[in-house]
Amino acid sequence: MTYITKPVARHPKMRHNALGLTPRDYEGTMSTLCAGCGHDSVTAALIQALFELDVEPYRVAKLSGIGCSSKTPAYFVKEAHGFNSVHGRMPSIAAGSNAANRDLVYIGISGDGDSLSIGLGQLSHAIRRNINMLYVLENNGVYGLTKGQFSASADVGSVSKRGEINRQGPIDPVSLALALGASFVARSFSGDKKQLVPILKAGIAHTGFAFVDVISPCVTFNDHKGSTKSYAHTRTHAYEVVETDFVPLRREITADYGHGDVRAVTMHDGSVVRLRKVAEDYDAANRGAALEHIADVRKRGEVPTGLLYLEETGQDMHGFENTIEKPLVDLRYEDLCPGREALDELQKEWW
Amino acid sequence: MAHNRDRLNDFTIRIGTVNGTGSASANSLLLQALFRMGLPVSGKNVFPSNIQGLPTWYEIRVNRDGYAARSPTFQLMVAMNPQSYARDLSEVASGGWVLYDSTKELDDKLLRDDVTFLGIPLAHMCAERFERARERTLMKNIGYVGALVALLDIEMDVVQEMLEEKFADKRGLIESNFTAIRMGYDWAKEQWKCPLPIRAKRMDATKDSVLVTGNAATALGCVYAGATVGAWYPITPATSVMDAFKEWCHRFRVDPETGKNRYCILQAEDELAAAGMVIGAGWAGARAFTPTSGPGISLMSEFIGLAYYAEIPSVFIDVERTGPSTGMPTRTQQGDLMLVAYASHGDTKHIALFPADPRECFEFAVAAFDLAERFQTPVFLVSDLDIGMNDWRVPRLEWDESYRPDRGKVLSAEEIEKVKDFYRYLDVDGDAIPYRTLPGVHPKGAYFTRGSGHDKYGKYTEDSDAYVEVVDRIAQKVQSAAEHVPQPEIHTVEGGARYGIVSLGGAHWAVMEARDTLAAEGVPVDYLRVRGFPFGVAVKDFLDSHDEIFVVEQNRDGQLRTLLTIETECPKSKLASVRYYGGQPLSKEHVLDGIRPHVASAAVEAATQ
Ligand SMILES: Cc1ncc(C[n+]2csc(CCOP(=O)(O)OP(=O)(O)O)c2C)c(N)n1
Ligand code: SF4
Ligand SMILES: [Mg+2]
């Protein structure tokens, strides 16, 4: 069913997508985050990605844990159900809701505290289950909402606003996701919409768990000199190893695919993700090599970005569980209840 | 000794074996044979938290009057485990019998002159008859079954028929089983005067009954309720709920055309995740549940508060075991009553259902989903290891074909289309239950679910009045479930008794038996069995109308009694506490020991006045 109530040409100057909707139709309530917070830029990129993908707003399900980042599902697609759950546990909410209704576009938003500390276990298992969803980790190196404590992604030597120096090594979200066998691993920067939007689109088109780590600076607690998650530091240290281009199903593919530096991956829905390697020898189809390359880049003090790994197997949680194609919520009760005769028959075994 | 004479259809036997040696199937063969002879039976496992090697016991009670509670007076001990001989031989009732493997001689020190020792060289006999080591071990079990068939006068035809059914497609096994049965049977007939005074004689008490565990019945209830998502993390004694759910789903829920599943079972990484999965699925519109035990509920507590406050239907099955902490994981208790009643931080209170046997497990499982959706809140189905894992004779389960799930106030796309504005937490009908929408149904139905402060429109709030308005409504909503949960079962004596008993769950069977004993002693007692929480008017009336009430339960701190004092106006002084919490199923003696002193002192008091 579709619910397009908007006139197709409402505002001549405004862009419309195939559903006749404008980017505004993908907005949510007003953000209450600090002005300049990286998370708001991620929200804007998501709005653009969903708009450009012609996703029906009410077919989206927005899930999150707790944190400044986890508040953001309120700020996009107001016509979609949102679920701001508990700290670090959004992946299990995603697993359950996706089990119940596999036909929605699931978007999970988390933070580095939410994903890498309290929720590390659930994140790992969401990856393992390959839940079909886009999972965005808005990574600022601190716990924003509890006022600036170091998170598990803080780099060694990074200085907090209060002058403390972080001494423990970070958990690198993308290396972790790669090591755990994630089928889609990307990193981007909230300040680089040009890179982020195609990655988000590819993540939504991906069948399985699309993990996107977005460096998303916290202007209030971690944007100072000495922080390795500040705007300035990220801008100067980001190193794009692969360039991503997303070609939706409907658009004609014109670029030459024979070129050695470009790999084209056809997604389940027919859209195409083109990966052009920037770094020499980078292979986004080779998990081991990707891990190694990322480690090398990190050693140089740089932040590797791009769609770092992509494997379109089509085997998600429902594949493992052999669930019926139709969403479980749409099954009729008559097809679920075995009925009286079956009960009588069964009870013969209990005699 | 006389009391052991002529106990026709009234005896208890205990079988001591080694965990992991295959005695379980021999024991259930025995139980089932007695059941098929029409005798009221109950079977109780007493097993260690171990996979192989430690002592394990199985108790079979046959009682012509139908009493099903545990009876720890064993007329016959089948002692097959030298490790536990000392204990086993000391536990047999005076005047009783011990059947033991006499391949090795018994230590003289263990002998008693008030019991009869029946030795059968099972290991030796099996070594002669069977080739392989595993077969020798297994057939020893069938061997003692054979001896018991003779000693207890069990009908051999029934046993043979069962073996034939069981091994219908394994003809090789049937031969060895027959050999082993005969081996034991012939030995008994030759050596001893059979049958013993404790013996079985065909009755007609089971034709409309089945033998089943609570967990199997609970799982079946989930299937019949239309649950499609089950999430869990393995834990004794709840594991067999999911094992059974999986089995029934394999049988009933595979789409014949595609071979695909009309259900999704998620083995979670822990109980926190299992709770999250249930809540996620409930939010999306599926009927979802998780079976667990006390430690799991502890872990789920944060999420339970979310489901309560955000009003998400979810079913939590707590098969209680002995706590606190890991406690005695293979022993039973009713130790989670307070936990489930108020699980989570802040002000919370939950609907809970307390089945007493597998039949109620089945029925209440269905009710749990209806209540969860109707009241949009977590519902706890609380059973325990005794109900869940032991073998119960219950009336055959019935199913009303006209049953349709009560989905509560869920708006369809058409309904959403018609409403002007949808607000998730608005009490439109004045019954404290708001309307709910599911994701992906209609854009006008969208709302933001959150565990943080929200007003009745579903908007984030930190405003005192707006917050209070919502939590007060939720309190009212949950309380209003009191008259919709299964109502108490009440037994009264004519004219009303001075004394009352209040109990719940599997304690019921011991209470019923004790009540008969008290009545025979001239002390009539009224009895109310709580079957649901919050307590409704019926519970309050019962408390009001009795001066002295014994609250019988299986935990140390008198949790049911505490709940009654918190939730009703009943003065504490009226409620005497009768407790047993050692981990075994409750027996009549526990109840009598708790009640008699009060009754006796009251009699003395009355006499001196
Ligand atoms: C069980 C629990 N413990 C602690 C908290 C407090 N808390 C709220 S948000 C947060 C950290 C959030 O950090 P992050 O996920 O990085 O999000 P950010 O605010 O930085 O976007 C913590 C510790 C909580 N809400 N729940
Ligand atoms: S505290 Fe930091 S993370 Fe939170 S809203 Fe402000 S800038 Fe963003
Ligand atoms: Mg953070």
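**Notebook: where chain A meets chain B**

I began with polar contacts in this predicted model, and between chain A and chain B I found 27 residue pairs in polar contact, both residues of each pair having pLDDT 80 or more.

I next asked which elements of chain A supply at least two residues each to the side that touches chain B. I noted two strands, E1 (60-64) and E2 (81-84), together with the helices H3 (90-100), H5 (120-129), H10 (317-321) and H11 (339-347).

I then looked up the salt bridges, and the rule finds four of them across the interface of chain A and chain B. For one pair I wrote down the partners, Arg129(A) and Glu269(B), whose closest N and O atoms lie 2.9 Å apart.

Turning to the extent of the interface, I counted 58 residues of chain A in contact with 74 residues of chain B. The two chains bury about 5,600 Å² between them, and 64% of this area is on carbon and sulfur atoms. Which three residues supply more of the area that chain A buries against chain B than any other three? I found that they are His81(A), Trp350(A) and Trp351(A), which supply 17% of that area.

Last, I followed strand E2(A) across to the other chain, where three bridges join E2(A) to strand E17 of chain B, residues 448-450, and the two strands run parallel. Within this pairing I noted that Gly82(A) has Phe448(B) of E17(B) as its bridge partner.

Key:
Residues numbered from 1 in each chain as written. Chains lettered and ligands numbered in written order. Predicted model: local features only at pLDDT ≥ 70, side-chain atom pairs only at ≥ 80, totals over all residues. Heavy atoms only, no water. Contact = heavy atoms within 4.5 Å. Buried area = accessible area lost by both parts, 1.4 Å probe. Salt bridge = Lys/Arg side-chain N within 4 Å of Asp/Glu carboxyl O. Polar contact = N/O pair within 3.5 Å; in protein donor to acceptor, adjacent residues only side chain to side chain. Helix = DSSP H or I, 4+ residues; strand = E, 2+ residues; numbered from the N terminus. Pairing = 2+ DSSP bridges.
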